[in-house]
Structures are given as structure tokens and as C-alpha cells.
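Okay, thanks everyone for coming. Let me put it up on the screen.

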Amino acid sequence: HGAYTDEAVVAPSQLTPLPSTFDYAEGATFLAAHGTAYHGLIDRGQVRPGEVLLVHGAGGGVGLAAVEIGKMLGATVIAAASSEEKLAVAQARGADHLVLYGREPFRDAVKRITDGRGADVVFDPVGGEVFENSLRCIAWGARILVIGFTGGIGLARTNLVLIKGASVLGVRAGEAVRKNPALGEVRLRALTEWAEAGKIRPNVSHRMPLENYALAMRLLIDRKAIGRVALMMR
């Protein structure tokens, strides 16, 4: 079963305190998504108050984390997702504008919402055509954060990057900490403080017994989860 086990041996440095506001399912699903969102928006994207942040995959765990942290940073957040249910959760977490994939090309929606200006920061865990079309709805000096590529590998048209004075930035939260442990200490301290203050919280849409790990993975693969899926031990 690989990592799907009820016992594990780890070094003390790999353990973190459970925020008092979280249950175990929330604690277990917290740092991976919120840590990535923090590293992307703060360390790499340097989001500033008043900027427009476009969050793709806003119904997923890392997307919802980006919505929460983006709002905390003072950005105007445009959340894009594949269902009304996911967008409703994103709105509850602070999204200012909602874009449903398939109803309207998102690049047209972003231009409409921003009066043609475009987004200052794009948070993209999807890749593929989503990445490529994001280059067509960005503002001057935009930062495009490459979080992942669940929708395929996107190709950057360098003419669009040049014309917009844009930056395409890779986001590897775990590797960044391995290269610079001090970054991880600052990140963990900030995320823990925000969690204790009730400002951020993982959305766990499914809590399932450990033996149902295959079904849990299927929920993620089929994109039926909203936020995170937690495997529970008895």
C-alpha cells in the first residue's frame, strides 16, 4: 500500500504542531496546499495589495489555499473552476469574481472583469491550454506562477511574454525549503499564526477510511473532490 499506512517512522524535524483550530483531517491536509500557495504568492509572485490575482483550479486544495491567501494579501481574486459547486466554495473563501470553465472563455472573462487590463498574477496548477491562454489575459509586468500541469504541458509563446514584460516563474515549495531551510521556518510560522487566528482552513470535502484509499484517489483523478480528501484511521 506504499504510504497508505497507519504507522510511520519520521525524524522530529518532520513533525509540526497541529493548529488548535483544526481537527486531524484538516491538519493532515494543511501544509502541502497552503505551503505551496504561500511560496507561490509571497516568495515567488510577490502579490501586492490591489493587484488582480487569477487562480486556476480554484476548487482544488491548492487553488482554494491560493484564494484564501490572495485575499489576505489584499488582492482582487478571480477564481476559475470547472463547476458551480467548486466556485461556491471559492466564493465562501473570499473570491471576488467567479469564472466557470466552459461557460465563457476565461481569458475573455478576465478581460471583461478587469476592463481589458488583465491579471497581474496568474496562479496555474493546470497547465496545457489554460497556461497558454493565460498569456493572453495578463497585465503589463504580470507574473505567471507555474504550480503544476494536471492539464498537460503548456508552451510559452515568448512574443507574448516579451510584449507584456511578463515573468513565468516555477513554484516548487518543497525544493525551495530544502535549498533554503530558513524559508520553511518563516512559512510555517506565518501559516500557523493564520490558522490559529481562523484566517485560513483547508476544505476537506471527503473523509474516508484508510482502506478506501483507491476510491479516494479516484475522487481526485475524476476531479470530484472540492479541496482535499482525507484518509482516516480508526
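This is a predicted model: local features need pLDDT of at least 70, side-chain atom pairs count only at pLDDT 80 or more; totals for chains, interfaces and linings use all residues.

So, helices H2 and H3: how do they sit relative to each other, oblique or perpendicular? Their packing angle is about 50°, and the axes are 8 Å apart. H2 and H3 are therefore oblique to each other.

If you sort the residues in the contact of H2 with H3 by class, you get 8 nonpolar, 4 polar and 1 charged.

Let me pick one of those out, Ala 65, which belongs to helix H3. Is Ala 65 buried or exposed? Its relative accessible area is 1%, and the cut-off for buried is under 20%, so Ala 65 counts as buried. Leaving out residues up to four places away in sequence, Ala 65 touches Ala 33, His 34 and Ala 37.

Now the other partner of H2, which is H9. The axes of H2 and H9 come within 10 Å and cross at roughly 110°. That makes H2 and H9 roughly perpendicular to each other. The crossing of H2 and H9 is right-handed. From H2, the contact uses Phe 30, Leu 31, His 34, Gly 35, Tyr 38, His 39, Ile 42 and Asp 43. From H9, you have Leu 183, Val 186, Arg 187, Leu 188, Ala 190, Leu 191, Trp 194 and Ala 195. By class, the H2 contact with H9 comes to 11 nonpolar, 3 polar and 2 charged residues.

Leu 191 is the one to click on in H9. Leu 191 is buried, with a relative accessible area of 1%. How far is Leu 191 from His 34 in sequence and in space? They're 157 residues apart along the chain, but C-alpha to C-alpha it's 7.6 Å. Skipping residues up to four places away in sequence, Leu 191 touches Phe 30, Leu 31, His 34, Gly 35, Tyr 38, Ile 69 and Ile 200.

For a bit of background, nonpolar side chains in soluble globular proteins tend to be buried together. Here, the largest nonpolar core has 35 residues. Within that core, Leu 41, Leu 53, Val 55, Ile 69, Phe 123 and Leu 145 touch the most other members. At least two core residues come from each of H2, strand E1 (52–55), H3, strand E2 (76–81), helix H4 (84–92), strand E4 (119–124) and helix H9 (181–196). Which element gives the largest share? That's H3, with 6 residues.

Last one: Thr 114, out in the loop between helix H5 (106–113) and E4. Buried or exposed, what would you guess for Thr 114? Thr 114 counts as buried, at 12% relative accessibility. Not counting residues up to four places away in sequence, Thr 114 touches Val 52 and Ile 78. And back to Ala 65: Thr 114 is 49 residues from Ala 65 in sequence, and their C-alphas are 23 Å apart.

Note on methods:
Residues are numbered from 1 along each chain as its sequence is written. Side-chain values use heavy atoms; hydrogens and water are left out. Axes are lines fitted to C-alpha atoms, for helices over the stretch in contact, and angles run from 0 to 180 degrees between N-to-C directions. Helices (H or I, at least four residues) and strands (E, at least two) are DSSP runs, numbered from the N terminus. Angles under 35 degrees count as roughly parallel, over 145 as roughly antiparallel, 65 to 115 as roughly perpendicular and the rest as oblique. Ala, Val, Leu, Ile, Met, Phe, Trp, Tyr, Cys and Pro count as nonpolar, Asp, Glu, Lys and Arg as charged, and the others, Gly among them, as polar. A nonpolar core is a set of buried Ala, Val, Leu, Ile, Met, Phe, Trp, Tyr and Cys residues joined through side-chain atoms within 4.5 Å. Buried means under 20% relative accessible area, exposed over 50%, partly exposed in between (1.4 Å probe, protein chains only). Contact means heavy atoms within 4.5 Å. A crossing is left-handed if the near helix is turned anticlockwise from the far one by less than a right angle, and right-handed if clockwise.
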